[in-house]
Amino acid sequence: MIGYATAFTNSSGFQTYLTTDGGDTWTQGASSANMGTIAVGYADETTLFSTGNNQVISKSVDSGNTWTIVRNGTPTFVNLEVAFSDVENGLVSGEDGELLVTHDSGATWSSFSTGYHNFYGLHYKERE
């Protein structure tokens, strides 16, 4: 079982970590230079999306080895969470109360302002 995590360390800033054995061991992952570093979510086995500072949304199609920024947002604001139901359909939440939706694997995003702030949890219910 594979997993991906981000962490902020006092010594070196944001770091990424990868497990391939269900969390028993972790190795340092790819550079976080082109990725959001607050939350990471899987869209399928090899496609990940990340969110972070300045409302950056990034995408990896190689299990997190390399990242491409797919959306820049407002400086000083943070995107907090990311969830995908499949490789095409996903949600991102921000501290400013904005929810972002994509139906084309992050190529375009629609936004909805909720009037609330700090949505920390997103999840898709599995289809039956």
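Rings of Phe, Tyr and Trp (its six-membered ring) pair if their centres lie within 6.5 Å; planes under 30 degrees apart count as stacked, over 60 as edge-to-face and the rest as tilted. By this rule the structure holds 2 aromatic pairs. In one of them, the ring centres of phenylalanine 49 and phenylalanine 84 are 4.0 Å apart and the planes stand at 10°, so this pair is stacked. Phenylalanine 49 sits in strand E5 (residues 48-51) and phenylalanine 84 in strand E8, so the pair ties together parts that are 35 residues apart in sequence.

This is a predicted model, in which local features need pLDDT of at least 70 and side-chain atom pairs count only at pLDDT 80 or more, while totals for chains, interfaces and linings use all residues. Residues are numbered from 1 along each chain as its sequence is written, and side-chain values use heavy atoms, with hydrogens and water left out.

**Overall make-up**

- The chain has 0 helices and 11 strands. Here helices (H or I, at least four residues) and strands (E, at least two) are DSSP runs, numbered from the N terminus.
- The radius of gyration of the chain is 14 Å, close to the 14 Å that the globule rule gives for 128 residues, so the chain is as compact as a globular protein of that length. This radius is taken over C-alpha atoms, and the globule rule is 2.2 Å times the number of residues to the power 0.38.
- Along its principal axes, the C-alpha trace spans about 40 × 40 × 20 Å.
- Of the 128 residues in the chain, 38% are buried. Buried means under 20% relative accessible area, exposed over 50%, and partly exposed in between (1.4 Å probe, protein chains only).
- Both phenylalanine 49 and phenylalanine 84, the stacked pair, are buried.
- The chain exposes about 7,200 Å², and carbon and sulfur atoms supply 52% of that area. Accessible areas come from the Shrake-Rupley method with a 1.4 Å probe; for residues, only the protein chains shown count as cover.
- Among contacts in the chain with a separation of 6 or more, 32% come from residues 24 or more positions apart. Contact means heavy atoms within 4.5 Å.

**Sheet E4-E5-E6-E7**

- An open sheet of 4 strands has the order E4-E5-E6-E7, with antiparallel pairing. Two strands pair if DSSP finds at least two bridges between them.
- Its edge strands are E4 (39-42) and E7 (68-71), each pairing on one side only.
- The twist averages 30° from one strand to the next. Axes are lines fitted to C-alpha atoms, for helices over the stretch in contact, and angles run from 0 to 180 degrees between N-to-C directions.
- E4 and E5 run antiparallel and are joined by 4 bridges.
- Tyrosine 42 has leucine 48 in E5 as its bridge partner.

- Strand E9 (residues 90-94) pairs with strand E10 (residues 98-102) in the antiparallel sense over 4 bridges.
- Serine 93 stands opposite leucine 99 in E10, and valine 92 has leucine 100 in E10 as its bridge partner.
- The hairpin of E9 and E10 has 3 residues between the strands, and glycine 97 there takes a positive phi near 85°.
- E10 also runs antiparallel to E11, with 4 bridges joining them. Valine 101 stands opposite serine 110 in E11.
- Glu98, Leu100 and Thr102 form the covered face of E10, while Leu99 and Val101 form the uncovered one.

**Loop residues**

- Threonine 46 lies in the loop between E4 and E5. Its relative accessible area is 36%, so threonine 46 is partly exposed.
- Leaving aside neighbours within four places in sequence, threonine 46 is in contact with Ser60, Val61, Asp62 and Ser63.
- Serine 63 is in the loop between strand E6 (57-60) and E7. Serine 63 has a positive phi of about 65° although it is not a glycine.
- Serine 63 is partly exposed, at 25% relative accessible area.
- Serine 105 is in the loop between E10 and E11. Its phi is positive, at about 60°, although serine 105 is not a glycine.
- Serine 105 counts as buried because its relative accessibility is 9%.
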